[in-house]
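Some labels in a structure description rest on cut-offs.

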Amino acid sequence: MNRTTRAPIALPVRDGNGAATAVPTPARTTTRRRPASPQWAAWAFLAPVTLYLALFYAYPLYRNLDLSLRHYTVRSFVRGDAPFTGLANYRTVFDDPTFAPALWHTAVFTAVCLVFQYAIGLALAVFFNQHFRLSATLRALFLVPWLLPLIVSASTWSWMLNSDSGIVNALLHAIGIGPVNWLTSPTWSLTSVIIANIWIGVPFNLVVLYSGLQSIPTSLYEAAALDGAGPWRRFWSITFPLLRPVSAITLLLGLVYTLKVFDIIWIMTKGGPADSSTTFATWSYQLGFGNLLPAFGPGAAVGNLLVVAALVFGLVYVRVQRKQALS
């Protein structure tokens, strides 16, 4: 607290003869409040976000790591006295015969979905960027798959790809092609869930890439057209290079989302038949909750492998962005 003292003020006082004399008044001390530090205000705004991240991100990650380093059973999970086993659960996962197929399915599922979602989303974004009549209405209709709950989308695709009564096989029969066991054949089960996930992920790519196209000045296209550049030349020389930052973040977010896709696969195929569509996400669930005797430790270990994969790709993205900023 800062204290300031005011100088004495002389007040006139008249004596008995009427002469005025100055009598000083006692000094008065005033107190000024120091303004609140802006650092405390910043911490006050950060507190809710910090609490949210600690409760819903940091603590679950810690618990999942703890699960993967101990031998948990149902009894020890309730009592909380599971013995520490170190990396034994990870060795169990690596030695499991399901590990190699699940790793391959996860890689194929993620890569194919990312490529087709981005390619179709970019094509639609460029198409709607022409601002033709009813473009806004059609663009809004393309958002429907993104707005629907995943359980609705997965159930719809399960009905469409049904071997006996599905509309897809009905259309194939109409053009003279025999029925395909989309969901019950080891050859087609992974393809079926990939098709469904591509359909769900295209609207996200469309929205983000379309927003990126709005930031490209139209004067660049006009100058390129005056120089004789055709549509393809303008796309490869202007649109695609200037969309690179937006494309990078779109692919990164799509990668993180696709790695952890569980709902679509589980509702449509449950990872089968014969583990032909099992990924790390469905395998982790099967280990932890899909058996009468759940293996909490190995299930958590598989989940941590997904976290590490997403973290690695995130760090690669940050490093690439930093190099581009410095160059």
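Q: In this predicted model, which hand does the crossing of α7 and α9 have?
A: α7 passes α9 in a right-handed crossing.

Q: Which residues make the contact between α7 and α9?
A: On the α7 side they are Leu150, Ser153 and Trp157. On the α9 side they are Ile195, Ala196, Trp199 and Ile200.

Q: How do you know that the buried residues of α7 line one face of the helix?
A: The buried residues of α7 are Ser153, Ala154, Trp157 and Ser158. Seen down the helix axis, they fall within an arc of 135°, so they line one face.

Q: What covers the buried residues of α7?
A: The cover includes α6 (144-147), α9 (189-214) and α13 (263-268).

Q: Why is isoleucine 151 called exposed?
A: Isoleucine 151 sits in helix α7. Its relative accessible area is 54%. Exposed means over 50%, so the label holds.

Q: How far apart are isoleucine 151 and methionine 268, in sequence and in space?
A: They are 117 residues apart in sequence. From C-alpha to C-alpha, they are 9.7 Å apart in space.

Q: How many aromatic pairs does a search of the whole structure find?
A: It finds 20.

Q: What makes the pair of phenylalanine 94 and phenylalanine 99 edge-to-face?
A: Their ring planes stand at 80°, and their centres are 5.2 Å apart. Planes over 60 degrees apart count as edge-to-face, so this pair qualifies.

Q: Why is phenylalanine 99 called buried, and phenylalanine 94 partly exposed?
A: Phenylalanine 99 has 16% relative accessibility. Buried means under 20%, so phenylalanine 99 counts as buried. Phenylalanine 94 has 44%. That lies between the 20% and 50% cut-offs, so phenylalanine 94 is partly exposed.

Q: Why is the pair of phenylalanine 235 and phenylalanine 240 called tilted?
A: The ring centres are 6.1 Å apart, and the planes meet at 45°. Stacked needs under 30 degrees and edge-to-face over 60, so the pair is tilted. Phenylalanine 235 is buried at 15%, whereas phenylalanine 240 is partly exposed at 31%.

Q: Which residues do ring pairs link into a cluster?
A: Phe262, Trp266, Tyr285, Phe289 and Phe296 are linked in this way.

Definitions and conventions:
Residues numbered from 1 in each chain as written. Predicted model: local features only at pLDDT ≥ 70, side-chain atom pairs only at ≥ 80, totals over all residues. Heavy atoms only, no water. Buried < 20%, exposed > 50% of the residue type's maximum accessible area, 1.4 Å probe, protein only. Helix = DSSP H or I, 4+ residues; strand = E, 2+ residues; numbered from the N terminus. Arc of directions from axis to C-beta. Contact = heavy atoms within 4.5 Å. Phe/Tyr/Trp six-rings, centres within 6.5 Å; stacked < 30°, edge-to-face > 60°. Left-handed = near helix turned anticlockwise from the far one by under 90°.
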